[in-house]
Amino acid sequence: MAEALFERLCLIGPGLIGSSIARLAKERGDIARTLVVTAKTERTLERVRELGFADVVEADAARAVEGCDGVILCVPVGAYREVMVRIAPHLAPGCVLSDVGSTKGSVLRDLLPLLPAGVHLVPAHPMAGTEYSGPDAGFSTLFQGRWCILTPPPGTDPDAIEKVSELWRRAGSQLERMDAATHDRVVAIVSHLPHLIAFTICSTADDLAQETPEGVFRFAASGFRDFTRIAASDVAMWRDVFLNNREALLEMLARFTEDAAALGRAVRRGEVEFIEDRIERGRKIRRSLIEMKQA
């Protein structure tokens with residue numbers, strides 16, 4: 001067995017991602033010698049104890065990070081600053097601090113000003129998930145074959161970057177590095193905008209269901225069901241994602257709105273070639289995702 005990456009690793013927030021990392025660490029045995037998990041509510045802490053994927057379950061985040069050489073924030077990005085205020089004085093020199101948030105500009109904004117000297121920040125975004133949340137939702141193969149994007153700020157210790165990189169390699173992820181601003185624009189189109197659209201379509205359908213005695217949901221086909229799966233995602237997480245990647249998301253929403261209006265005009269005018277082009281481009285993207293095993 002390979003040497004453990006961390007002597008003592010703390011996961012703050014055992015939701016889908018956090019509990020998946022914990023299960024992976026438990027199964028492999030080469031990620032952390034001691035795995036500490038902390039959560040906000042006693043109910044969640046008790047469930048973690050019942051599931052048995054942590055060596056230490058600690059209610060106080062400040063106490064949980066003491067003596068840890070690795071800490072990963074697995075809470076909604078809107079809670080980062082509040083958590084960092086509590087844990088920063090207790091982070092050990094040399095500790096590697098990482099996260100799993102879907103926005104990265106906000107991570108640098110909220111964490112860097114509070115980062116103690118000698119603590120290394122390596123933000124990460126594993127691009128994997130389901131519509132489920134909580135400690136019961138995780139599974140150790142969640143990250144297998146998926147991308148994980150690292151956005152270390154300039155001047156970050158190379159050994160710290162390598163340690164976080166190796167964690168995700170052991171999780172089975174493909175790695176990419178980019179700056180935080182580029183990351184936020186990329187995920188705005190491939191993740192955040194699709195969620196915004198899904199939430200909107202479902203709320204529009206819900207409004208229609210109130211007006212239509214026949215009930216629209218009985219007739220939902222696979223296309224609408226796919227939207228409902230996305231729209232079932234965690235409320236706190238996606239609220240924070242939208243608010244913390246506001247500029248990039250609104251930019252992509254504006255571009256989408258223009259393109260949707262253009263397709264609407266083509267439908268109104270019967271412009272067959274334009275309509276077929278848009279459909280074929282969608283088919284092409286789907287084929288490419290299948291070929292890259294990201295479908």
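How far is the sulfur of Cys 95 from the closest cysteine sulfur? It is 6.9 Å from the one in Cys 68, too far for a bond.

Hello everyone, before I go on: this is a predicted model, where local features need pLDDT of at least 70 and side-chain atom pairs pLDDT 80 or more, while totals for chains, interfaces and linings use all residues. Residues are numbered from 1 along each chain as its sequence is written, and side-chain values use heavy atoms, leaving out hydrogens and water.

Back to the cysteines. With a disulfide taken as a pair of cysteine sulfur atoms within 2.5 Å, the count is 0. Cys 95 is buried at 1% relative accessible area, where buried means under 20% with a 1.4 Å probe, protein chains only. Cys 202 counts as buried too, at 17%.

Now to a helix pair. Helices here are DSSP runs of H or I, at least four residues, numbered from the N terminus. The axes of helix 7 (residues 180-211) and helix 9 (residues 235-244) come within 11 Å and cross at roughly 120 degrees; axes are lines fitted to C-alpha atoms over the stretch in contact, with angles from 0 to 180 degrees between N-to-C directions.

Who makes the contact, meaning heavy atoms within 4.5 Å? Helix 7 brings Ser 191, His 192, His 195, Leu 196 and Phe 199, and helix 9 brings Trp 238, Val 241 and Phe 242.

Let's finish on His 195, in helix 7. His 195 is buried, at 13%. Beyond its neighbours within four places in sequence, His 195 touches Ile 230, Ser 233, Trp 238 and Phe 242.

Conventions: Buried means under 20% relative accessible area, exposed over 50%, partly exposed in between (1.4 Å probe, protein chains only). Helices (H or I, at least four residues) and strands (E, at least two) are DSSP runs, numbered from the N terminus. Contact means heavy atoms within 4.5 Å.
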